[in-house]
Amino acid sequence: MSRQSAAVASDSLGKPAAPPRSYAWLQGLLCGVAATLVPGPALLTAFLLAPGLLSLLLDQKPGKPMARAVLLAGLAASVHPIGSIWAGGGGIGAALDMLGNPAVLGVAWLTGAGGWLVSELAPLFLRVGMDGAAAARAARLRAERTRLVEAWDLEPRAEADQAGEANPS
Amino acid sequence: MPGSDAPLPEGLIAGLYKADPARPVSGFDGASAFVARGVDAAEEFLAIESPAGMAPRALALKALANQPIPGLMAPLAHGPAKLPGRRPAYYVVTPSPPGQSLLGRSLPGRSLVPPSRAWSEAALLALVLRPVAAALERLAARGVTHRAIRPDNLFQAAPDEPVVLGPAWSTPPASRQPALYEPPYVAQCRASGRGEGGIAEDIYALGVVLIVLALGREPLADEEPEAIVRRKLALGSFAAIAAEERLPGELSGLVRAMLAEDPGQRPLPAELLDPVFARGRRAPHQFARRAPEPLVVGAHEAFLPRSLAHALAETPQVGIRLLRLGVVDRWLRRSLGDPALAQAVEQVTQRRARDATEGEERADALLLMRAVAVLDPLAPLAWRGISFWPDGLGPMLAEGDAASPIAEIIETEVLAAWAACRAGREPSAALSMEARRLRALAQRGGLGGGLKRLGYFLNPLMSCRSPLIGEQIAVTIPALLTALDGSAAEPDRRRDPPMDAEIAAFILARAPGGLEADLTRLAPSSEVLEKALVPLRVFAALQVSTRAGPLPRLGRWLATQAEPLLGSWKERSRRKTMQEQLSALAERGDLAAMLKVVEDPSARARDAEGLKEAERTLRGIDDELARIASGAPLRAEKARQLGQEIAAGAGLAALSLTLVMMAFG
């Protein structure tokens, strides 16, 4: 349940709505700790996962599905570079060198873009497929209906069926 | 051998006699007649056609079947036939007449007998009285009357040969008898309503014949029938006919006895066979009190109760008025001097008040009927100006004569009321039972009920008069089926159902029980399905019960009419199958099998159950189609959620794969 819907639910119970709780301070604290303790890997991670982090800011949908897909895809491409710099000591210089390599940064960002693309296209393809299946089912039902009506001299086609034929999806 | 279930062969009667329409014999029994030959013999016979609208005498034909009687042209065979160039008709075959009739009717190739010679007493007794009395005795032994004894129906091979009684079987009893030859209580009846009568009526006619032959001419030849009846009632039959004539020797007494007014006082045929007895027979003394002043009833002047009864019956409106005003009983008491009779009439008049609860007109008719019966116990039943004998109802219905009064007579059980008034002259209980039976038959409703059914019931040899069989003759159920099969050859016929009121009435009267429920349910207002199913059910039952052969054209006719029946079956494929089956069975003429196809209860139940199942399925389909039509937003949301899960899953899978690859170097 989203915060907004939780607030609405609270309203519906007649109690004052609690202000949404923010964990931004915790995120900031963690980032600061990481930047202090492991500045190289933190810098590299920040840059490699920049599309995902950006999508976290932009994605306002509940559960942030798009950002989740971009982050997971970007993380899959970033694991190897981050592991390499962690094994090498993790200095800022090494991180900058690695960021200077366009293959590393490009792969991570393209992979993130791939995650975004999948998150956008998968629902679309699924809907087309589901509508197609529904239309096919409606066609089979109409054929069966026509057969029954003709076989038993039943009443003409119902309004529901006509509506289904006009707008199967 | 009435009826045949095969199509009528040209000119063949009962399969035994072939009539030749090119050799007509005029005037027999008042009907057309033709020379006929046996199929296997050269001997000539006479085929007499039963006139249209008249039913042959079934009782007589049945009683005399295959029983030749010397001195009588008894029926040898009878049945429907189609003579070339003539309409189909019912024929009765008798032996050929031995010669000319006593009035000189001619037969082809035979010489004429002088018609006007006066016969001697000896010749009358030997050549007329004894042979005719012998034939009448044999007829009486079989419970049959002749009722057509008159000079033109008596035949003689040669002047010294005994006469032979002519035929009397193709028309209702006495329907062709002139008033002279019948007692007044018969002559005043409608021609078709004279009834079988008794052998005493034949004796009466024979007595008149003896007078005519003895005189060499017909007395009262110039008189109208009504005038002859009045004269006989006023003077007595013998006096009316022969009082002013000179009859030879002992004949006068014999004839007087034969013409006795009371049939119970006439000699029996066996008594007439004895010449001594015949000569010595004297009529009982008959005394009728005569009023000095007549009672005028319309155009009639009545001096005697019998004349008064006749006058009342002939002019019912005037008679009813006189009865209700008490004029009749006053005349009986004061002028005739018969207080007992006056009191009886007065009681009848008083009884009218009770009858008036069921209608004034009916009460008046009952009053008149009872008054006539009281005044003249010998008189026939008089109802609304119609006089008839109860056993004449059948022929009257066959002629379509006076249907409305007859319906009233049946409905009111007039026969019972009449019998109760006749002071022991008629077995009252038997007539009461007959009246109830006729009423019960006529009251049954539905198609073919009422008088139509009664007409066929009372006339066993009356052909079915349905226009659906056209001119064909059908007096039996197999013949009806054959006739309908023949009619079905005309495509125009098949537009209407093969069952109308006439056919239904015919079947109800002729077929064994079991079909009554179906036909009674069938009425002009019946539902279409009933109208289609009942004929098939009835004809199928008749085909089975009479073991009739295949009826392919009737089958096709019924199949055509079965369209509404097929329409009542819900499954189209089943209808098509049934249609094909019906067509195939119709071609075979198997009506029972056709009925099984359209009246299969288990198949009907399966059809109904299938319809219910189809309707249930249809409702389910409609619901699902409605859900599909309204489910687009739901599917879109589902696709979005699932798509996002797939994207996340793909990312997670890639991450997992990378980690695994790193872990394993």
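**Note on the predicted two-chain model**

1. Contacts in chain A come first. Among those with a separation of 6 or more, 68% link residues 24 or more positions apart. Two residues are in contact if their C-beta atoms, placed from the backbone, lie within 7 Å. Of the 169 residues of chain A, 30% are buried. Buried means that 20 or more other C-beta atoms lie within 10 Å of the residue's own; exposed means 12 or fewer, and partly exposed is in between, with C-beta atoms placed from the backbone.

2. Ground rules. This is a predicted model, in which local features need pLDDT of at least 70 and side-chain atom pairs count only at pLDDT 80 or more, while totals for chains, interfaces and linings use all residues. Residues are numbered from 1 along each chain as its sequence is written, and chains are lettered from A and ligands numbered from 1 in the order in which they are written.

3. Fold of chain A. Chain A has eight helices and zero strands. Its pattern along the sequence is α-α-α-α-α-α-α-α. Helices (H or I, at least four residues) and strands (E, at least two) are DSSP runs, numbered from the N terminus.

4. Domains of chain A. The chain is divided into domain 1 (1-37) and domain 2 (38-166). Domain bounds come from an automatic or database domain assignment. Four residues of domain 1 of chain A are in contact with four residues of domain 2 of chain A. On the domain 1 side, three of these residues are nonpolar, one is polar and none is charged. Here Ala, Val, Leu, Ile, Met, Phe, Trp, Tyr, Cys and Pro count as nonpolar, Asp, Glu, Lys and Arg as charged, and the others, Gly among them, as polar.

5. The A-B interface. Contacts join 39 residues of chain A to 37 residues of chain B. On the chain A side, helix H5 (65-87), helix H7 (102-152) and helix H8 (159-166) each supply at least two residues. H7(A) gives the most, with 19 residues. By class, the side of chain A that touches chain B has 23 nonpolar, seven polar and nine charged residues.

6. Overall form of chain B. Its secondary structure comes to 29 helices and 13 strands. The radius of gyration is 38 Å, well over the 26 Å that the globule rule gives for 665 residues, so chain B is more spread out than a compact globule. That radius is taken over C-alpha atoms, and the rule is 2.2 Å times the number of residues to the power 0.38. Along its principal axes, the C-alpha trace of chain B spans about 165 × 70 × 35 Å.

7. Burial, contacts and domains in chain B. Buried residues make up 49% of the 665 residues. Of the contacts between residues at least 6 apart in sequence, 66% join residues at least 24 apart. Six domains are assigned: domain 1 (12-101), domain 2 (121-280), domain 3 (295-443), domain 4 (461-599), domain 5 (604-630) and domain 6 (632-665). The C-alpha centres of domain 3 and domain 6 of chain B lie 114 Å apart.

8. A sheet in chain B. Three strands form an open sheet in the order S7-S8-S9, with antiparallel pairing. Strand S7 (100-101) and strand S9 (164-165) stand at the edges, each with a single partner strand, so one side of each is left without a neighbour in the sheet. Two bridges join strand S8 (residues 154-156) of chain B to S9(B). Pairing requires that DSSP finds at least two bridges between two strands. B:Leu154 has B:Leu165 as its bridge partner in S9(B).

9. Helix H4 of chain B (residues 199-215). Its 17 residues should span 24 Å at 1.5 Å a residue, and its end C-alpha atoms are 24 Å apart, which agrees. The expected span is 1.5 Å times one less than the number of residues. Of the 17 residues, 16 are buried, so H4(B) is largely enclosed by the rest of the structure. B:Gly216 follows H4(B), with a positive phi near 80°.

10. Two backbone points to check. B:Arg384 is not a glycine, yet its phi is positive, about 50°. B:Arg384 lies in the loop between strand S12 (381-383) and strand S13 (386-388) of chain B. With 18 C-beta neighbours inside 10 Å, B:Arg384 counts as partly exposed. B:Glu413 has a positive phi near 55°. B:Glu413 sits in the loop between helix H16 (403-412) and helix H17 (414-421) of chain B. B:Glu413 is also partly exposed, with 16 other C-beta atoms within 10 Å.

11. B:Leu529. This residue is found in helix H23 (residues 528-545) of chain B. With 12 C-beta neighbours inside 10 Å, B:Leu529 counts as exposed. Leaving aside neighbours within four places in sequence, B:Leu529 is in contact with B:Pro564, B:Leu565 and B:Ser568.
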